[in-house]
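Welcome! Please take a moment to look over the chain below, and then we can walk through it together.

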Amino acid sequence: MSDASSADDSKHIEELYKYVERLNEATDKSQNVMDYQGIIDTAKSSIKAKQLAAQFIPRFFKFFPTLSGPAIDTHLDLIEEEELGVRVQAIRGLPLFCKDTPEHIAKIVDILVQLLASEEFVERDAVHKALMSLLMQDVKASLTALFKHIGSVDEPSTDETIREKVLSFIRDKVFPIKGELLKPQEEMERHITDLIKKSLEDVTGAEFRMFMDFLKSLSIFGEKAPAERMKELIGIIEGQADLDAQFNVSDADHIDRLISCLYMALPFVVRGASSSKFLNYLNKHIIPVFDKLPEERKLDLLKALAEISPYTTPQDSRQILPNVVQLLKKYMPRRKTGEEMNFTYVECLLYTFHHLAHKVPNATNSLCGYKIVTGQPSDRLGEDFSELYKDFTERLSNVEELTRATMKKLTQGMAEHNKAMAAAKSDEAKDSIKTQKQNTTTGLRTCNNILAMTKPLHSKTPSFIGDKVINLSWKEATKPNVLATTTATGGKRPATAANGSSNVASKKGRGAGGVQNQLVNRALEGLSHGGRGGTRGRGRGWGGRGRGRGFR
C-alpha cells in the first residue's frame, strides 16, 4: 500500500469514528442525519472502512428512516464485496436492521437465504448465525419468510439449489432446537405446522418423511393430543397418498407413494386415527389388481395391510374381507400343483383374515362356509355354504402339509449352517453363513405363524385371533431383511442430500449353499421377495417432487 493510499485509508477511518462518536453522544440521534450519511458514504472507500461501516450502518439504522433505502443498498453492496472479511462483517450486521424495525425481517431473510449457497465456510457460518439471530428475534415472521423458499403448488420455488439449502438449514438448525425457538409453544407449533402443510403440496418422498417425523415430535401431536390432531396428521398423509386420484396400475410412482404413506399412517392409526380412507382405496383399486402390481411392492402392501388390520372398524372389515378371502385362496392352493407357495404372502393374508373376521365373524359364513351365529340376518344360516367350507379347509390342510415339509427342510438346513459356521475360516464366509441362518430363522418363524393361524380355522365355528398373540415374522427381526434375490425394477432418480435420502438400486441375494432343496430355496425367496428390509417402505424413494411430477 502506498503512503498516499494509507493516508487516505487513515483519513476515512478517522472520519468514520468521528461520525460514530457524535452519534453516540447525541441525545436525539435522528438529528444527526449528516453523520449517518457520512457513514454510508465512507462505506464506499477503503477495505478497512468498509468493514467498520458494515458494523455501524445497521447499528444506527433505526434512527434514520428517511435514509433506510440508501443504507440497505449500501450494505448490500458490502455483502457483494470481493474481500471475504467485508462480506462476513456485512452478513453479521444484517439481523441488526430488524432489531427495532421488524417490518424488514422478511426482506433480510430473503437476502440471507440467497447467501446460503456460498462456497466459503466462514461466510456460510455467518449466514447460519444471522438467520438463527432473526429466528430468535421474531420466529413467526422468520419462519414464514424461510418457508416461502421451499415453495408450494401455488407458489413454486424458482431456484432448486436455494430450496435445497433452505431445507437443509431447517432440518439441521431449526428442527433440533424447536423447544427453544417455538414460543409460545402451542401458537408457534401450530404456525410451523401450517407452513409445513402448505409446503407438502410439492415435496419428494424423503422430504415428506422428514416433515412428518418433525410434526410427530411436536407437543400438539404428542401422546396427550386429542383425536382431532391424529385426524389432522392422517389427513396430511392421505393427501400425499392421492387417495382421491383414479388409480393406474402402471403408475409405479403412485404405488410407491401409496404404500409408503400407508406405513407412515400406521402409528397414527394405532393411536386412534381412522384408516377407512386407505382401506376403502385399497379394497376398491389395489387388491382387485394385486396380480398386476410390481413384484417388489406386493409384499410391502400385504405387510402394511396385515399391520393395519388389528385397527380396522367392523364396517371396514366387512367391506374388505371378501377381497382378502379371494386373495388368500389364490395363495393357498387347494391341492399340490407343482407351484411353490409364497409363505410370507400366506402369513400376511392369514393374519389380516383373522383380525378382520374377529370383528365381523358371521361375514365368514358366506365366504368360507362357517356356521357362526350372532342372531343377525347377515348370519345367512339358512343358506348352504358347505362347498365353500370344504374348499377352504382343504386349502388349509394343503398349506399345513406344505408348511410342515418346509419346516423340516429348514431345520435340516439350520443344522448344516451350524456345521458350516464351525468350519468357516474367513469373516466373509462367516457373514454369509450368518445371513443364511437369519433367513432360515425367519422362515421358521413364518411357518410357525402359519400353523398357529390355520389350526383354529378347521372348526365350523372357529375362534378368530383378534389380539397380538401372533408376532409377525418380520416384526421380530432385529436386522434389515436381506433375503430378496431380485433387483427392484424402475431405477429411481437420486434425491438430494438436503432431504436425507440415498437410493439403493438393488437388494442383497440370499447367498448360495446351505439349504440345497429347491423347494426350500424358492420358499425362502418367497419369504423375502419384495420385503421392506432397510431399503423400501416407510416413506422413502420418491425421487422427483410433486404429485403428478414423478415421485420415483
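What pLDDT does the chain average? The chain averages 85, and 84% of the residues score at least 70; pLDDT is the predictor's confidence in each residue, from 0 to 100. This is a predicted model, in which local features need pLDDT of at least 70, side-chain atom pairs count only at pLDDT 80 or more, and totals for chains, interfaces and linings use all residues. Residues are numbered from 1 along each chain as its sequence is written, and side-chain values use heavy atoms, leaving out hydrogens and water.

Confidence stays under 50 over residues 477-541. For that stretch the model has 150 contacts (heavy atoms within 4.5 Å) beyond four places in sequence.

Now let us turn to the core. A nonpolar core is a set of buried Ala, Val, Leu, Ile, Met, Phe, Trp, Tyr and Cys residues joined through side-chain atoms within 4.5 Å, where buried means under 20% relative accessible area, exposed over 50%, and partly exposed in between (1.4 Å probe, protein chains only). The largest one has 153 residues, and Tyr36, Ile39, Leu112, Phe211, Phe353 and Tyr370 touch the most other members. Helix α14 (residues 252-270) gives the most to this core, with 11 residues; helices here are DSSP runs (H or I, at least four residues), numbered from the N terminus. Among the residues that Ile39 touches are Leu16, Tyr19, Phe56 and Phe60.

Next comes helix α5 (residues 84-93), with 7 of its 10 residues buried. Its cover includes α3, α4, α6 and α7.

Finally, find threonine 440 in helix α21 (residues 427-454). Threonine 440 counts as buried because its relative accessibility is 0%.

Methods. Helices (H or I, at least four residues) and strands (E, at least two) are DSSP runs, numbered from the N terminus.
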